[in-house]
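My entries follow the display.

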Amino acid sequence: MSRFLSALRVEQVSDTDNEGRGLWRLTSPLLYFSSLTNDVYTVPEGFLTDYASVPRAPVVFWLTGDTCARPSVVHDFAYSKGKDGKHPVPDRATADALLREAALAEGAPAWRVALIYRGVRLFGGSHWA
């Protein structure tokens with residue numbers, strides 16, 4: 001069963017970066033076990049995240065913004081390149097599926113998870129490099 005194995009501990013680095021979404025640094029590792037890939041993902045201490053890059057359009061943000069913090073950090077990590085220049089997951093579809101799985105494991109409502117997942121599938125491609 002998919003689950004988080006640790007709490008999310010962060011400190012704010014900036015409240016103005018990323019179009020006002022801010023930037024946060026993990027102060028301890030975040031661990032997540034995925035049933036999808038049968039792996040434990042360790043987001044390292046010091047990793048920088050902006051959580052979810054939800055557009056600030058009123059209805060969109062009202063429905064999906066400021067939710068799913070831990071799943072968003074796992075997703076940011078999955079999209080990032082490690083020291084070896086490779087992503088922690090093999091492809092973007094897997095990274096997006098991890099977000100969906102982690103959000104459901106966190107207890108987010110299925111309708112909200114569906115909106116978030118659809119958003120990253122439609123608009124997240126430019127962040128996968």
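I began with the hairpin: β4 and β5 form it with four residues between them, and N38 in the turn has a positive phi of about 60°. Helices (H or I, at least four residues) and strands (E, at least two) are DSSP runs, numbered from the N terminus.

I noted that the model is predicted: local features need pLDDT of at least 70, side-chain atom pairs count only at pLDDT 80 or more, and totals for chains, interfaces and linings use all residues. Residues are numbered from 1 along each chain as its sequence is written, and side-chain values use heavy atoms, with hydrogens and water left out.

I then looked up the pairing, for which DSSP must find at least two bridges between two strands. Strand β5 (residues 39-43) is joined to β4 by five bridges, and the two run antiparallel; L31 stands opposite T42 in β5. Strand β1 (residues 3-4) is also antiparallel to β4, with two bridges, and R3 stands opposite F33 in β4.

I checked burial next (buried is under 20% relative accessible area, exposed over 50%, partly exposed in between; 1.4 Å probe, protein chains only). In β4 (residues 30-34), four of the five residues are buried, so the strand is largely enclosed by the rest of the structure.
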